[in-house]
Each structure stands twice: as C-alpha cells, then as structure tokens.
Amino acid sequence: MTFSLDRVYREHGHVVLRRARQLLGSRAEAEDALHEVFLSLARQPQQFTGGSITAWLYRATTNHCLNRLRDARNRGRLLEREVEPAEARTTATAPELELTMRALVARLPDEVAQALVYHHVDEMGYDEIAEAMRCSRRHVGNLLRRGRDEMQSREAVA
Amino acid sequence: MIDEDARNDCLSSFRLDQLLADELASSAARHARDHLATCSRCSARFAAFDAERQAFAAAPPAPVPSALTSARVTPRARRPWAWLAVPAALAAGAALWIARPRPTDELEGVRTKGGGHLELFVEHASAMRAGGPGEVVAPGDRLQFAYSSARAGFLTIASVDGAGAVSVYHEESPVAPGEHVTLGESVRLDGTLGDETIYALFCARSIDAAPVVARLRAQPHASPDVDGCEVETLTIVKREAR
C-alpha cells in the first residue's frame, strides 16, 4: 500500500500541529515543526514502516520538539514564551503545567522527558506509555518518578 | 503532581487521534466509543480534535510543501524480529549484526532532521538479544552498539553508571549515513549495579569529549547538551544475574 504524502499531510497534519503547539508554545514554532516533520518523511519515507501513521507522527513530533527545546539556539526563546491564549487551545492541559513541562523536558534525559510528555501532555496511562516505549510498567513508573523529583526540586528552588 | 495512573478511565489524546484516524481495532474502537458516550470531558476533547482535523484538511495553515506533492510513503513489510544470535562470530570478534526492524507502534527512537539513532545489543550467557529502554542487564554482559544515521557526522557514546561513574564507551568517530552500522568495539559491563544511562551524541562537527564527561560527572542525570549535537538517551538496569 502506498500513500501520497500530501494526502497524509492534509489528513493527519493537525496532530503534529497540535502537539507541537503544546510542546513549543507557539503556533509559528509549531508550523515550523509541522513542516520539518513532514519534510523529514518526504526525504526519508522509509522511516515509516507501516502500521499507525498517528503513532509515527507522535514520536516524530515528540523527538523533533525535544531536540528543538534542547537546542541552545532555541531554548531561551522557547522557554520564555508565554502559553497561547485560552481561545486558541483545544486541550485541557493547564497552561502553567505546559510551561513547567517545557522548561523541564529541555534538560531531562530523553527517556524521562518522553515519559513526562506522554503522561502529562498526551494523557497516556502507564500501560500505554509502557507499550509505546517498549519497556516495563515499572520502568515507566521509575521514569515518571525521576521526572516528579525534578519537578519538585525545581519548585523547591523557585 | 503525577497521579498514580489516575487517567486510566479516560482516553488519551493518542487514542482519540487513533480513533479519529480509524486506526483502532474494532474492539478498541468500540470500547473508545462506549467511553465517549458516557464521558463529557472525553467527548468534548474528541469533538475539538475532530474540528481541528476538519479545519486543517480544508485549509492547511501553510501551503502543502512542494516536496510532499510528489512524495509517496510505502510502508515496509513487517517482519518478525530479525536479529540473529551469532555467539561464534562474537567470540571471534567479528561484527555481524542484523538489526531488528523497529516496531511500528513504538513511540521512541526516531530522529528527525536526519539525526542518528543508537541501537543496543546485549550478549548474556553466550546469547544475544536486541536491547531497548529499561533493558535489564547483568555484570559481565557485553554491550554492542550500532547506529542508523541519515547524514554524516560524529558519534560519541558515554555512560553514567549506578554509582555515578562516567565512562566513554565509544570515543568519537566519524559516522557515515547508513542503517544498522555496527561499531567495532564492545563493552563488558562491570559489577556496579543500578540504573545506567547511556548517552549517544550525534554531532555535526567534531567535539571535545572532556567537557561532556565533566558535565556528566557534575550532573549525572542531565542530558549533556552540546551545541550542534543531538543526544539520544538510553537507560539500562544492571542487576545481579539470577
């Protein structure tokens, strides 16, 4: 089965745009991420090996945004950005939590950051994250515990 | 702030998106729709996602990139795990590895912007297996690394063990674009137990590893950010062998 990529873009691009907006905090940044993710797929279509295109777009968007947040050239701009106004939002994640998450995931190890994103932003349960990350539920618990410790230490410093 | 899996009853954004995309198996879709019928919060989220989808399809926020108009995606056929155990080859020091295909529903590990991806293999008691996040290993196991990268660059692999000791598992070497490229050396694990974090730095230019090591010693649990590098993190768990 073969899919035309512009059709995939039209039918599934909203997923990338929403998640990137949540993670990066601005529509302009999210639109850049949207293009980067799809251009990456156009350049290397073999990245998608079948199955759920939604799953592929979730992980590609997560990795793209985490890399963007970690990039020293972007970090200051992205972390200082305010969250979008309520009328522009379609998710229930608290704005202050999004800001905290963005600051945290920029400096956490990949696995911890991903687990936090899946749990807090995507509202996945432990089992879903374990399935998604191919690890045990216990390991998910450890990753989230490390993330919680980071959040608490950050609150203590603040 | 993190509830103990308090959201099991509600549908994650991921499940809602899969439902919208008609990607769920019939039983899972039925379960999701049953939940939507009784949960005002999830049904509101689902409606909002659907509205977003329709608005995007009708008028994408930016023109469809021209590179996409002629591009096509042909999923590769799914194969069973294809990595093979070759203890004899390992014993001879040969580097013969056939990497497994990555599961399609895996939400980790794909790099964008042409970055690299680290692959881990573990030799335990003369048997080899592909490793992943949370891999349980034992003292004396041997780790072998491979990478896939869409572009040329430089790769360094460092590790912080359960006692906070930092090791460089792979001194910087140039990497060429390719899939499942095996690194020449392997690592024999010592007796320090606990979580060990492995950092793979895929860099556009050559870097000095010394500041990276110093940073890891100072902040063992923080990703060693280096300008121009993408860092992939993999945590393994070292326990006494049973």
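What percentage of the 158 residues in chain A do buried residues make up? In this model, which is predicted, the figure is 64%. I shall begin with chain A and then turn to chain B.

Chain A contains eight helices and one strand. Along the sequence, the pattern reads β-α-α-α-α-α-α-α-α. If we take the contacts in chain A between residues at least 6 apart in sequence, 62% of them join residues at least 24 apart. As for the surface, chain A has an accessible area of about 5700 Å², and carbon and sulfur atoms account for 49% of that area.

Let us now consider the nonpolar cores. The largest nonpolar core comprises 48 residues. Leu34(A), Phe38(A), Trp56(A), Leu57(A) and Val140(A) are the residues with the most contacts inside this core. Several helices of chain A each supply at least two of the core's residues, including helix H2 (27-43), helix H3 (53-70) and helix H8 (137-157). Another core, of 19 residues, lies apart from the largest one; Leu118(B), Tyr147(B), Phe202(B) and Ile236(B) are among its members.

That brings me to the sheet in chain B. Five strands of chain B make up an open sheet with mixed pairing, and their order is S4-S10-S9-S6-S7. At the edges stand strand S4 (135-137) and S7 of chain B; each has a single partner strand, so one side of each has no neighbour in the sheet. On average, and with direction ignored, neighbouring strands of this sheet are turned by 25° against each other.

Within the sheet, strand S9 (residues 194-203) and strand S10 (residues 229-238) of chain B are paired in the antiparallel sense over 10 bridges. One example of residue pairing is Ile198(B), whose bridge partner in S10(B) is Leu234(B). Helix H6 (residues 209-218) of chain B packs on the sheet, where this helix touches strand S6 (153-160), S7 and S9 of chain B. The direction of helix H6 of chain B makes about 150° with that of S7(B).

Is His170(B) buried or exposed? Its relative accessibility is 5%, and because the cut-off for buried is under 20%, His170(B) counts as buried. The side chain of His170(B) makes a polar contact, at 2.7 Å, with the side chain of Ser173(B). With neighbours within four places in sequence left aside, the residues in contact with His170(B) are Leu155(B), Thr156(B), Ile157(B), Leu183(B) and Glu185(B).

Definitions and conventions:
Residues are numbered from 1 along each chain as its sequence is written. Chains are lettered from A and ligands numbered from 1 in the order in which they are written. This is a predicted model: local features need pLDDT of at least 70, side-chain atom pairs count only at pLDDT 80 or more; totals for chains, interfaces and linings use all residues. Side-chain values use heavy atoms; hydrogens and water are left out. Buried means under 20% relative accessible area, exposed over 50%, partly exposed in between (1.4 Å probe, protein chains only). A polar contact is a pair of N or O atoms within 3.5 Å; within protein, one must be able to donate a hydrogen and the other to accept it, and residues adjacent in sequence count only if both atoms are side-chain atoms. Contact means heavy atoms within 4.5 Å. A nonpolar core is a set of buried Ala, Val, Leu, Ile, Met, Phe, Trp, Tyr and Cys residues joined through side-chain atoms within 4.5 Å. Helices (H or I, at least four residues) and strands (E, at least two) are DSSP runs, numbered from the N terminus. Two strands pair if DSSP finds at least two bridges between them. Axes are lines fitted to C-alpha atoms, for helices over the stretch in contact, and angles run from 0 to 180 degrees between N-to-C directions. Accessible areas come from the Shrake-Rupley method with a 1.4 Å probe; for residues, only the protein chains shown count as cover.
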